[in-house]
Amino acid sequence: MSTGQGSLAGGIPMAAHKGPVRRTRPALVAAALSFLALAAATPAKADLRLCNKTDGTISVAIGYKAADGWRSEGWWNIGGSKCGTLLSGALTSRYYYLYAVDSQHGGEWGGKAFMCTRRKMFTISGVENCVARGYERTGFFEVDTAEQRSWTVHLYQPTQKGNGAK
């Protein structure tokens, strides 16, 4: 039986062959569509991150407006030339406040937004009467995220010496 089209093993004409090549395409398309649907259903990673661009380890505190008022938290220790996540998930505020100190080299990153801190790990509600409540009053610098869902702050050399407390 000669059809002029050639034949595969078993005498099946090539034009009539429905072998793996044709079955693979729909399978690949289905797999690709499944992957895209899964990727679309998975929320994008959004965090507030800090990258330490110095040689030494820095300790970082954060301040932000929570549902129940102002809150400050610390400490995250972030090694030299490393990044760390300060808040996980989509950012809910435009402004966040940071304070960082390099205890190895004596520098700090601070500002004029005063919040409460302490030397040990902490979560403190409220920014008023820090000293009267047994905390330190520390100057944080403002980070404007422009209402983005994710933001990364890069710290280079400290801007000042001292401890930022007043």
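Leaving aside neighbours within four places in sequence, with which residues is Thr54 in contact? In this predicted model, Thr54 is in contact with Gly80, Ser81, Trp109, Leu155, Tyr156 and Gln157, where contact denotes heavy atoms within 4.5 Å. Residues are numbered from 1 along each chain as its sequence is written, and side-chain values use heavy atoms, with hydrogens and water left out. Because the model is predicted, local features need pLDDT of at least 70 and side-chain atom pairs count only at pLDDT 80 or more, whereas totals for chains, interfaces and linings use all residues.

Thr54 is found in the loop between β1 (47–52) and β2 (58–66); strands are DSSP runs (E, at least two residues) numbered from the N terminus. With a relative accessible area of 3%, Thr54 is buried (buried, under 20% relative accessible area; exposed, over 50%; 1.4 Å probe, protein chains only). A polar atom of the Thr54 side chain lies 3.1 Å from the backbone oxygen of Gly56.

The largest pocket holds about 230 Å³ of space. Its lining comprises 11 residues, of which Trp75, Tyr99, Val101, Arg119 and Glu136 are the closest to the centre. A pocket is defined on a 1 Å grid over the protein atoms alone as an open set of points where a 1.4 Å probe fits, with protein on both sides within 12 Å along at least five of seven lines; lining residues have an atom within 4 Å of a point. At least two lining residues each come from β3 (69–78), β5 (95–102) and β9 (136–144). By class, the lining divides into 3 nonpolar, 5 polar and 3 charged residues (Asp, Glu, Lys and Arg count as charged; Ala, Val, Leu, Ile, Met, Phe, Trp, Tyr, Cys and Pro as nonpolar; the others, Gly among them, as polar).

Trp75 is found in strand β3, and the peptide bond from Gly74 to Trp75 is cis, with omega near 5°. Positive phi values occur at Asn129, near 50°, and at Glu147, near 60°. Asn129 is placed in the loop between β8 (122–125) and β9 and is exposed at 55% relative accessibility. Glu147 is found in the loop between β9 and β10 (151–155) and is likewise exposed, at 62%.

The protein chain averages a pLDDT of 79, and 68% of the residues score at least 70; pLDDT is the predictor's confidence in each residue, from 0 to 100. Over residues 27–44 the pLDDT is below 50, and this stretch has 1 contact beyond near neighbours in sequence. Residues 162–166 also stay under 50, with 16 contacts beyond four places in sequence.

Notes: Points joined across faces, edges and corners; volume = space filled by probe spheres on them. Helix = DSSP H or I, 4+ residues; strand = E, 2+ residues; numbered from the N terminus. Polar contact = N/O pair within 3.5 Å; in protein donor to acceptor, adjacent residues only side chain to side chain.
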